[in-house]
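The exercises below are intended for a reader who meets this structure for the first time.

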Amino acid sequence: MAALTALAPVSALGARGSSSRRTTAWNLAAVGAIWATSLFVLALWVSGAGIQSLLAFDGDSATTLGRLTGLVSANLLLYQVLLMARVPLFEHGFGRDGITRLHRVVGFWSFWLLLAHLVLITVGYAATSHTNLLVQAWEFVWDYPGMLLATAGTALLILVVVTSIRRARRRLRYESWHLLHLYGYLGVGLAIPHMLWTGADFTASPAATVYWWSLWAVAAACVLWFRIAVPLIRSARHGLRVVAVAPDGVDGVSVRVAGRGVRRSGARAGQFFVWRFLDGPGWTRGHPFSLAAAPVGNELVLSARRVGDGTDRLADLRPGTRVLVEGPYGRMTGERRRGTRLLMLGAGAGVAPLVALLQAEPYAPGEAILVTRDHTVAHGLRRAEIDRLALERGLVHYALPGHRAATGGPEWVPATHARWDGPDLLRRIAGDLSAYDVYLCGPIPWMRSLQRDLRAAGVPAARIHSEAFSI
Ligand SMILES: Cc1cc2nc3c(=O)[nH]c(=O)nc-3n(C[C@H](O)[C@H](O)[C@H](O)COP(=O)(O)OP(=O)(O)OC[C@H]3O[C@@H](n4cnc5c(N)ncnc54)[C@H](O)[C@@H]3O)c2cc1C
């Protein structure tokens, strides 16, 4: 047994080297695809005498800049759709957290470029035809083909952006915000006809026409295939059903699900699925939950903290209830590990995927540390499994229960530890941090403060692996 434990990390690390090269390759391919198409759009603009018009320093300069901003914005809007379509290129290349961050950045730029496009085109046309700006804008909306639809599409995109501003979003229920967000698809769709009917750049050359039609077709096909067809086919193939439901901590619930050939789904500890339980009205709302145990045989386990309607109804699920899943998603797996020691820090339900990883990963007694952060010890999820790992595999477990300090101290610790310097506390917990891979899971602000302290304590970014439980 001792020999097996000693050998396991060595062979596993060899495989991890090639996996990290694969992740880098996916990332380069994903970044490359976005840049290559953006540069291609720029080249289309240049070949349409964009630079000459720009240097004319008259009304045409504003119009041509308006065309360029419109083209780049349209390209980025389609990438917004593709980023959320669960396309493997982006899922492997950026991971879910990376996609969420990129979705915000690309959304921000596509929106401001869209507004710049509206203003510049109106200014350019008004200057060339010596018309009042408002009159020009009115003429655009009423007299140009497809523009009324595009105006409605723009209004929808403005609605999506405004409701995504953090302060506005906090006031909305997640479901309402998500429903409004879906109007973004309609907004993009409504803008397409005006590009074809009035946008010279879209039909100017066969290359431009082929490019835009292909990108729209690819985006639509990806949404239909990866978001609808693949999950339905996979769920039908596995025939997943609820096997058992049990309380987990004072406000948690764990659900065991089983089906045919679950092993072939390729799910690994540290990943998550979007789950839909067919238990009655409201089943269409999917919720992301991580695997709370390493997948064994044909069974999957999730563990959730009850925070609202979706998690409350998990407690009432009956054995036999059918389950639809999207996934597996996420890159916070053991493949990203580079060293032999593990430091895992989880807040609230964030402990679930960490426990799954601790079950699946090789380590010697004392080489893995788990830090859990909850309101009280009784609120902790997966406690029985953590105790078992401590007893059978020598996991070292520290609990940090309690409320946050009203002021001062690192944000990731309770008030009882507010006097500690964050990096010092981490060194106290793990000793020589350079030997560790660190896995974090929890809400975004908690993880940010922890990431700052880990970096300050000298842990390289490549050794910190994380998954946020909020979007
Ligand atoms: C990648 C990922 C993995 C997760 N894994 C787990 C887990 O293993 N255990 C666990 O307890 N929780 C997990 N969560 C959080 C969990 O998805 C939410 O707590 C749950 O969806 C809340 O739904 P609700 O209807 O009960 O609460 P609501 O009151 O509707 O929502 C509470 C908060 O949860 C978030 N949320 C709600 N619905 C969704 C959704 N469909 N997608 C994303 N966020 C949502 C929103 O921030 C919302 O403000 C995970 C979240 C993500 C993003």
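**Exercises with worked solutions**

Of the 471 residues in the protein, 37% are buried, where buried requires 20 or more other C-beta atoms within 10 Å of a residue's own, exposed 12 or fewer, and partly exposed a count in between, with C-beta atoms placed from the backbone. The model is predicted, and local features need pLDDT of at least 70, side-chain atom pairs count only at pLDDT 80 or more, and totals for chains, interfaces and linings use all residues. Residues are numbered from 1 along each chain as its sequence is written.

**Exercise 1. Domains**

Determine which domains the assignment gives, and describe how domain 2 meets domain 3.

Step 1. The assignment, automatic or taken from a database, lists domain 1 (28-234), domain 2 (239-329) and domain 3 (337-468).

Step 2. The centres of domain 2 and domain 3, taken over C-alpha atoms, are separated by 24 Å.

Step 3. Contact is made between 16 residues of domain 2 and 15 residues of domain 3; two residues are in contact if their C-beta atoms, placed from the backbone, lie within 7 Å.

Step 4. On the side of domain 2 that touches domain 3, strand 5 supplies the largest share, three residues. Helices (H or I, at least four residues) and strands (E, at least two) are DSSP runs numbered from the N terminus.

Step 5. That side of domain 2 comprises eight nonpolar, five polar and three charged residues. Here Ala, Val, Leu, Ile, Met, Phe, Trp, Tyr, Cys and Pro count as nonpolar, Asp, Glu, Lys and Arg as charged, and the others, Gly among them, as polar.

**Exercise 2. The shell around the ligand**

Which residues come nearest to the ligand, and where does the shell lie?

Step 1. Around the ligand there are 23 residues, each with its C-beta atom, placed from the backbone, within 6 Å of the molecule. A304, G308, G310, T311 and A349 come nearest.

Step 2. Strand 4 (287-290), strand 5 (299-305) and helix 11 (309-312) are the elements that give two or more residues to this shell.

Step 3. The shell divides into 11 nonpolar, eight polar and four charged residues.

Step 4. Domain 2 (239-329) and domain 3 (337-468) both give residues to the shell, so the shell lies between them.

**Exercise 3. Strand 6**

Is strand 6 largely enclosed or open, and which strand pairs with it over five bridges?

Step 1. Six of the seven residues of strand 6 (residues 323-329) are buried, so this strand is largely enclosed by the rest of the structure.

Step 2. Strand 3 (residues 272-277) pairs with strand 6 in the antiparallel sense over five bridges; pairing requires that DSSP find at least two bridges.

Step 3. In this pairing, F272 stands opposite Y329 of strand 6.
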